[in-house]
Number of protein chains: 2
Amino acid sequence: MPVLLSAPLAADLLPVPGVRLGVSEAGIRKLHRKDLTLIELAEGARVAGVFTLNRFCAAPVQVCRAHLQAGDIRALVINTGVANAGTGEPGLVAARATCAAVAAHLGLQASQVLPFSTGVILEPLPVEKLIAGLPAAQEALAENRWHDAAHAIMTTDTVAKVASRQVQIGGRTVTLTGMSKGAGMIRPNMATMLGFLATDAAVAQPLLEMLVREAADLSFNSITVDGDTSTNDSFILIATGQAGNPEIGDAASADYAALRNAVVELSTWLAQAIVRDGEGATKFITLQIEGGLDKEECRKVGYAIGHSPLVKTAFFASDPNLGRILAAIGYAGIADLDVSRLRVWLARAGEEVLVAEKGGRAASYQEEAGARVMAASEITIRVDLARGSAAATLWSCDFSYEYVKINADYRS
Amino acid sequence: MPVLLSAPLAADLLPVPGVRLGVSEAGIRKLHRKDLTLIELAEGARVAGVFTLNRFCAAPVQVCRAHLQAGDIRALVINTGVANAGTGEPGLVAARATCAAVAAHLGLQASQVLPFSTGVILEPLPVEKLIAGLPAAQEALAENRWHDAAHAIMTTDTVAKVASRQVQIGGRTVTLTGMSKGAGMIRPNMATMLGFLATDAAVAQPLLEMLVREAADLSFNSITVDGDTSTNDSFILIATGQAGNPEIGDAASADYAALRNAVVELSTWLAQAIVRDGEGATKFITLQIEGGLDKEECRKVGYAIGHSPLVKTAFFASDPNLGRILAAIGYAGIADLDVSRLRVWLARAGEEVLVAEKGGRAASYQEEAGARVMAASEITIRVDLARGSAAATLWSCDFSYEYVKINADYRS
C-alpha cells in the first residue's frame, strides 16, 4: 500500500497543447497489458533531458543522449517489460530500429525520436513485437491520454503517478502535466527511472536545459528507496510553446521564476510519489539535514540514514531506535564531525521532538514522544550538524517484509 | 540458520598460556544470561587493537584507545546488553568506573584494563550491576574458558564464533585462539564489533601493531551484512609471549611470516563466521573483484554488489538475476569504467559460469547453469574489471524476511 498516495482520476489531468499520447498492448513480456506508449510532440516543441550516471546505462539512454544532441525532437516511445540494458550492441540496434519505425509512422527522421525502456535488465528487447504494437498506439494518439500513459509505463508500481498544475506566465495560463514510474532500484543519480513533464510554456532551449537539471537535482535526485541506481533513469522536460506567453529567455525574469517554481514543485511531487509507492513502503520519511559545511555533506548524512537497513526496519516497526540513526550519521563519512555538537529531532505533522544532543540522548527526551512520532505515516528526521549553513532535503521510505517478498519474487 | 557454521565444542578449543577467562551473569539488560566476560593476561603480554571509524564511537572505544596508548594492558572486560554508545560524558564515566573496579579486583591500575560493550545504543550502562558481577567472573577465571566467553559475548548471534590454531615458530608450537561476535550492523571500518585473538607467541610490539591492522584489513574490514558500520567495532590481538619462541622482531623473517599467516587465516575465519551468522542469512557470498587499477576501486565494486538490497534479495530467492549485479557494478563509482570489457562469473564449489561480457549477457550463458550455482549455500561472484592488476575479496550474505523480522523486533 503506497503511503498517502492514490491514483488520480483521468478527469483530474489537464492536456498540454502540443502533446498527444497513445498506448497499446505490444506483448513485450506479458500478454494483455498496456506496455507501449507513444508520445507525439507538435512542431516547435523543445525537449531537454537528464539521464542515469550508471556506467551500465541502457541502450535507449545512449540513443536518447545522441538524439537530444541533434535536437528537434518530435516523438517519444516507451516500453515496459524489458529495460534493454546490459544488452550490448544488439540492444543499440534494437533501440535504433524502434526510433526508425516510429519515424516511419509519423513522417519524421529517426533522430527526432527518443526511446525509453523499463523492466528486466539483460533480456533482449523483442523489437519486432514493439514495432508491431506501434500502429495501435498511433491510432490512439490524443491530448487527453495522460491517464492511460501513466498506467502503461508502470512496472512494480502499484499506483499511477501523474499530476497537472497551472500557473500564470506572461499574462497566459500555462499548463504542466507530468508522470513518473518507479518503485524499486531507486536512488537516482541525475534523474529517475522515467519521469516526463510537459508544459505548453514558450521557453528558450538553454533555459529549458538549465531547468531540467535543477528540477532533477531538487526532486528525483533527492529520493531513495533501496540505494540502487538504475540503468535506465531518465527525466525529460518538454515545452511545446503553445500557451502563447512571450518566450522566456532570461533566467533572471519573473516569468522564468514562475515556470521554474511550477516545474520544481511538480517534479518534486512526482519524485515523492515514487518513494510513497516504494516497494513494500509503509512510511514516508523526510530527511532534513541542516548546518552542514556544504550541500554535499548534508546529502551524505541524509543518504546514510536513508539507506541504512537498520534504520529502515526500525521505521517499519515504528520503533524510535535512535541509536541506529546516530550510528548512520556517525559513519556517513564526515571525518571531523563533532558529535557532541549535533542535534537530532524526530517530527510528524504538528509535533517535533528533540531526541539527541551532546553526543547522546537528549535529557528532555521521552520514549512515549518518540513512539508517537514513529507511529505516523509521514515522519521527518531533522539533523543539525552545527558546522555551517548548508542544508539538503531527501525523501526515503521504510524497509518491510514486503520489500523482500517483491524482490525475491520479481522475476518468477 | 547460519550458513555452514556450527558451534564448536569446548573440547575443540586450545587454551593460550597467559590468558585466563571467566564469565558471569550481571543482569545488565536481561536476567539469567551470561553477559559479563573478564579476561586476565599474564605479565609481559602485549596487546594491539583497531577500532571503529564511526564518529559516534562508543565510550569504551574511546577509553580503549587511551589505555592502549599507555601500554602494559593486563585485563579486558566485556559486557553485552548495552553498547554504552551515544551516551556522552556519563558513558565515559561509566567505562572508566568499570576499568577502576576491574583493576581493584586484580591488583592493577585502571589504565591496564580495556573495556568493551555491545548491545543497544543510547541506553545508559548500568555500571553498578556490571561491577557487582565482577567477583563471580573473577572466581571463574581459567585458561580453558574460551567456550564460555565466546557464548557470553553473543547478542543477536545464533552461534558462538571461536576457533583455535597451532603453528610452528622458532622451533616451538605456538597456539592461537580467537573469538568474535556480530550478526547485524556489520560493515566494519577498521575492525568489527568485538573480535579477540590471543596467541602465546613472543612478538615485538611494533610488529604486533602492524599485524593487527593487516589482519583486520584482510578479514573484519572485508565483510558486510547490512552496510551499517557499528559504533563499537573493536579487534584486539594479544600475544602473551609464553610459547618460548625467540621473540619475533623482524617483519622480513620467516617466523613473522608464519605468525602473520596464522593470524590472518584465523581472523578471516572469525570474520567470515560473522557473515555466515549474518542476521537472517541463508547464503554466504564471496565477492572476488580483480583487474582493478587499485585495491580501493575493487573494494568499491565489491561493496556496491554486497550492499545492494536488490542483489541480496535475488540471492535469497536463488535467482540468477544478473542485471542487478551489473547495475550495482555500474553505479559503484568508477566514472571511466568500460563495461564492454568487464567480465562477470558466478561460481560454486567445482563450477564457474561466465555470465556477462561485452556489455551484456555472455553468449555461452545458460540460465540453468546460473540457477544451479545460485542454489548453492556458498556462492562466489567474480568480476574482472579489465583495467589493471589490483584485486580485493569481500564476503557478504543475502537478505531475507528473517533480516527484517530480526531488526523490526530487536528492541521489543
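**Exercise 1. Determine how many residues of domain 1 of chain A are in contact with domain 2 of chain A, and describe the two domains.**

Solution. Step 1: 10 residues of domain 1 of chain A are in contact with 11 residues of domain 2 of chain A, where two residues are in contact if their C-beta atoms, placed from the backbone, lie within 7 Å. The model is predicted, so local features need pLDDT of at least 70 and side-chain atom pairs count only at pLDDT 80 or more, while totals for chains, interfaces and linings use all residues. Residues are numbered from 1 along each chain as its sequence is written, and chains are lettered from A and ligands numbered from 1 in the order in which they are written.

Step 2: On the side of domain 1 of chain A that touches domain 2 of chain A, there are 3 nonpolar, 6 polar and 1 charged residues. Here Ala, Val, Leu, Ile, Met, Phe, Trp, Tyr, Cys and Pro count as nonpolar, Asp, Glu, Lys and Arg as charged, and the others, Gly among them, as polar.

Step 3: Domain 1 of chain A covers 10–276 and domain 2 covers 284–409; such bounds come from an automatic or database domain assignment. The C-alpha centres of these two domains of chain A are 33 Å apart.

**Exercise 2. Describe how helix α1 of chain A packs on helix α2 of chain A.**

Solution. Step 1: Helix α1 (residues 59–70) and helix α2 (residues 88–106) of chain A pack at an angle of about 55°, and their axes are 8 Å apart. Helices (H or I, at least four residues) and strands (E, at least two) are DSSP runs, numbered from the N terminus. Axes are lines fitted to C-alpha atoms, for helices over the stretch in contact, and angles run from 0 to 180 degrees between N-to-C directions.

Step 2: The angle makes α1(A) oblique to α2(A). Angles under 35 degrees count as roughly parallel, over 145 as roughly antiparallel, 65 to 115 as roughly perpendicular and the rest as oblique.

Step 3: The crossing of α1(A) past α2(A) is right-handed. A crossing is left-handed if the near helix is turned anticlockwise from the far one by less than a right angle, and right-handed if clockwise.

Step 4: A59(A), P60(A), Q62(A) and V63(A) of α1(A) meet G91(A), L92(A), A94(A), A95(A), R96(A) and C99(A) of α2(A). The contact of α1(A) with α2(A) has 7 nonpolar, 2 polar and 1 charged residues.

**Exercise 3. Identify which residues join helix α7 of chain A to helix α9 of chain A.**

Solution. Step 1: Helix α7 (residues 295–307) and helix α9 (residues 322–330) of chain A pack at about 135°, with axes 8 Å apart. That makes α7(A) oblique to α9(A).

Step 2: α7(A) passes α9(A) in a right-handed crossing. V301(A), A304(A) and I305(A) of α7(A) make the contact with I325(A), A328(A) and I329(A) of α9(A).

Step 3: The contact of α7(A) with α9(A) has 6 nonpolar, no polar and no charged residues.

**Exercise 4. Trace the open sheet of 5 strands in chain B.**

Solution. Step 1: The order of the strands is β3-β9-β8-β7-β6 (chain B), and the pairing is mixed. Two strands pair if DSSP finds at least two bridges between them.

Step 2: β3 (46–51) and β6 (161–169) of chain B each have a single partner strand, so one side of each is left without a neighbour in the sheet. The twist from one strand to the next averages 15°.

Step 3: β6(B) and strand β7 (residues 172–180) of chain B run antiparallel and are joined by 9 bridges. V167(B) stands opposite V174(B) in β7(B).

Step 4: Helix α6 (residues 254–276) of chain B lies across β6, β7, β8 (195–199) and β9 of chain B, at about 170° to β6(B).

**Exercise 5. Follow the two hairpins that involve β12 of chain B.**

Solution. Step 1: Strand β11 (residues 343–348) and strand β12 (residues 351–357) of chain B run antiparallel, with 5 bridges. W345(B) has L354(B) in β12(B) as its bridge partner. These strands form a hairpin with 2 residues between them, and G350(B) in the turn has a positive phi of about 85°.

Step 2: β12(B) pairs with β13(B) over 2 bridges in the antiparallel sense. In the turn of this hairpin, K358(B) has a positive phi of about 50°.

**Exercise 6. Characterise the side of chain B that touches chain A.**

Solution. Step 1: 52 residues of chain B are in contact with 52 residues of chain A.

Step 2: α9(B) gives the most to this side of chain B, with 7 residues.

Step 3: By class, the side of chain B that touches chain A has 24 nonpolar, 20 polar and 8 charged residues.
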